Amino acid sequence: MSYIVVFTGEIRALFERRKAISALGSEFGFSFTQIKALMASSRSQLRKTADRAEACRFVQKLWVAGWHSKLFLDSDLLHSTKESVERGASHLPVVMGKLHCEGSQLQLCAPRNWVVCNNLNPNAEIQAGDTELNRYLIVLEQKRTELPEELSLTDYAEAQMQQCLSKVSNGNLLSGPQVLERDWQMGLLYEMGANVGKDSVQYMVVFFRGKESFYTLFLWTSLQSFAQAKTEFIQIVASFQCSPESETTAESKASAVIAV
């Protein structure tokens, strides 16, 4: 999974056009030919990185230079400076912070308004949410020693999804599996719907395989709110780390994101 910063060619309101164009050369080192090509395109990819903090800093650099930009996680739009400012929000993407869950060695970041919960699932390694917006997350772990040694992530995910769908009211698979390619691990993402009491709920379910365990992330909200929450859910999933050798990387990324 990669963060991609896209140059939109749109100048910030009240920012001098000549100054903004000049900054593309002085601040970013683009030649006259490159600047001309940028101005002729409404979607030029300027930065691609696995580090969210680096991508956010580049968005900020473009903003200071007078330009709007968009931030994607692969093909999913996470943030548009223009759209965000127009609705009165910050020009920068949402600030993510590390979730501190007692007893868990896993690494996970979430928006600052998310809090650790203790009443979602007693078996969860991590449970958290935004109680005002009714957005929630649990992370479950299953030791690989409890399962056949040759069991693949694909087979595990398929079996777990079948079980999940059979246990909920009106469970239905909406999409998946979608492969999540990452430098340090591969994941599989599904979306499913269900009824909880009288409420319709939509889930994002993501599976990862670590050296010793399989991990399942459940993120959910009401059916009518899911489309808006999906961007937030995708960012949380992108921050998940389960491999011991990647622990230092996850820590440094989380800290860097907080500092943006």
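Predicted model: local features only at pLDDT ≥ 70, side-chain atom pairs only at ≥ 80, totals over all residues.
**Cis bond**

I started with Pro177, which I found in strand β10 (residues 169-180); strands are DSSP E runs of at least two residues and helices H or I runs of at least four, both numbered from the N terminus. The peptide bond leading from Gly176 into Pro177 is cis, with omega near 5 degrees. Most peptide bonds are trans, and most residues other than glycine have a negative phi.

Residues are numbered from 1 along each chain as its sequence is written, and side-chain values use heavy atoms, with hydrogens and water left out.

**Positive phi**

Leu14, in the loop between β1 and α1, has a phi of about 70 degrees. Asp74, in the loop between β3 and β4, has a phi of about 55 degrees and is partly exposed at 32%.

**Four-strand sheet**

I traced an open sheet of 4 strands, ordered β2-β1-β3-β4 with antiparallel pairing (strands pair if DSSP finds at least two bridges between them). β2 (44-49) and β4 (76-80) are the edges, each pairing on one side only. From one strand to the next the twist averages 30 degrees. β1 (residues 3-11) and β3 (residues 67-73) run antiparallel and share 6 bridges, and I picked out Ile4, whose partner in β3 is Phe72. Helix α3 (residues 52-64) packs on this sheet, touching β1, β2 and β3, and its direction makes about 165 degrees with that of β3.

**Helix pair**

How are α1 and α2 packed? Helix α1 (residues 17-26) and helix α2 (residues 32-40) pack at about 125 degrees, with axes 9 Å apart; axes are lines fitted to C-alpha atoms, for helices over the stretch in contact, and angles run from 0 to 180 degrees between N-to-C directions. That makes α1 oblique to α2, since under 35 degrees is roughly parallel, over 145 roughly antiparallel, 65 to 115 roughly perpendicular and the rest oblique. In the contact (heavy atoms within 4.5 Å), Arg17, Ile21, Leu24 and Gly25 of α1 meet Ile35, Leu38 and Met39 of α2.

**β12 and its neighbours**

I found strand β12 (residues 199-209) largely enclosed by the rest of the structure, because 8 of its 11 residues are buried. β11 (residues 187-196) runs antiparallel to β12 and is joined to it by 10 bridges, with Asn195 partnering Ser200. The two form a hairpin with 2 residues between them, and Gly197 in the turn has a positive phi of about 65 degrees. β12 also pairs antiparallel with β13 (residues 213-222), over 9 bridges, in a hairpin with 3 residues between the strands.

**Core**

Met204 stands opposite Leu219 in β13. I listed its contacts beyond four places in sequence, among them Leu189, Leu217, Leu219, Phe226, Phe233 and Val237. Met204 also turns up with Leu137, Leu217 and Phe240 as touching the most other members of the largest nonpolar core, which has 49 residues (buried Ala, Val, Leu, Ile, Met, Phe, Trp, Tyr and Cys joined through side-chain atoms within 4.5 Å). Helix α6 (residues 226-239) gives the largest share of this core, 7 residues. A second, separate core of 21 residues includes Tyr136, Leu151, Met161 and Phe207.

Note on methods: Buried < 20%, exposed > 50% of the residue type's maximum accessible area, 1.4 Å probe, protein only.
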